[in-house]
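This report looks at charged side chains and how they pair. The sequence and model come first.

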Amino acid sequence: MTSITSALSGDLQTWLSDQGQPSFRFRQIANWMFARRAGQFSDMTDLPRVRRDELSQRFQFWSTEVAQHTRATDGTEKLLLQFKDASRIECVLLRDGDRRTICISTQVGCAMGCAFCASGLDGVDRNLTEGEIVEQMLRLQRLLPSDERLSHIVVMGMGEPLANLDGLLPALKEARRKDGLGISVRRITISTVGLPKAMGRLAQLDPLLQRFHVRIQHGLEVLAYDAPNRMFDLVVSPYAGYHQNEHGQDNGNEPAAAVSQQRGGEPSRVEPAESRRLRSANRRGSDRARYSRDPAAPARGCARQSTQSRPMAFCR
């Protein structure tokens, strides 16, 4: 059964049209999901009961279940979500003054193998769909009281965002819609190790989408630049095999100097693929002793440190 979040981009409107429903019905449903924070179809009380029953028979409201909900003393909340295939991801709500920021994941696992992140210890399983990414936003929004709204999105959870642009960009489009979450593109940050082909694709988007704030992970230091006209004026992380594709395979025909340069015109440093693999293998061997290997343990996304020394795992 298709989830309602996955159907927002087309299937829902087609189904409503086939059912002979008026065009405003889609806006009603979207308003309930994003603005009025419905948790099930029965909450949509301005829809006829028969329509709510038909929706529940055709679509599932949630494609995940909350396996664990963790709260920190500073107001941060983390959800461990489990899919029907038993895969797990994490997403986080961060409170900072008036800001209400969500940190979302784009993949189950990660292929990049950054030295400071636990998400890639077991590699990548699959990309998340548009609907699965949107669902994280809706679940986190429901943690807020009714008089608060989400203000920022950071794509810094599990996975490499630029390896899943097909799922990420449509999801962020839903977040930006006025009848969606209404979050300005200037308040959306994409964190990446810097995949050249995906960066080029992002640079070719329409001017509005180019204004996503792109952050390039450089070890434990984050160097951030606005995307327009500076897409290739970025420092690429030597920790994370930026010249790999989404499966962790080398794209050896894309040298660093042709893709990205540091300010001042000097080519970005490149770690040889073989030494990177050796370092990554050694690191993973030692990290496995620190990170829980219990299949029932929480997923290891958004982690900066060992979960043994940090009870709450935050955005990388």
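How many salt bridges does the structure hold? The structure, a predicted model, holds twelve salt bridges, a salt bridge being a side-chain nitrogen of Lys or Arg within 4 Å of a carboxyl oxygen of Asp or Glu. Side chains of opposite charge can pair when their charged atoms come close.

| Pair | Closest N to O |
|---|---|
| Glu77 and Arg71 | 3.7 Å |
| Glu77 and Arg95 | 2.9 Å |

Arg71, Glu77 and Arg95 are linked in a network of salt bridges. Glu77 is buried at 9% relative accessible area; buried means under 20%, exposed over 50%, and partly exposed in between (1.4 Å probe, protein chains only).

Glu77 forms a salt bridge with Arg95. This pair joins distant parts of the chain, with Glu77 in strand 4 (residues 77-83) and Arg95 in strand 5 (residues 88-96), 18 residues apart. Strands (E, at least two residues) are DSSP runs numbered from the N terminus.

Residues are numbered from 1 along each chain as its sequence is written, and side-chain values use heavy atoms, without hydrogens and water. Local features need pLDDT of at least 70, side-chain atom pairs count only at pLDDT 80 or more, and totals for chains, interfaces and linings use all residues.

Key. Helices (H or I, at least four residues) and strands (E, at least two) are DSSP runs, numbered from the N terminus.
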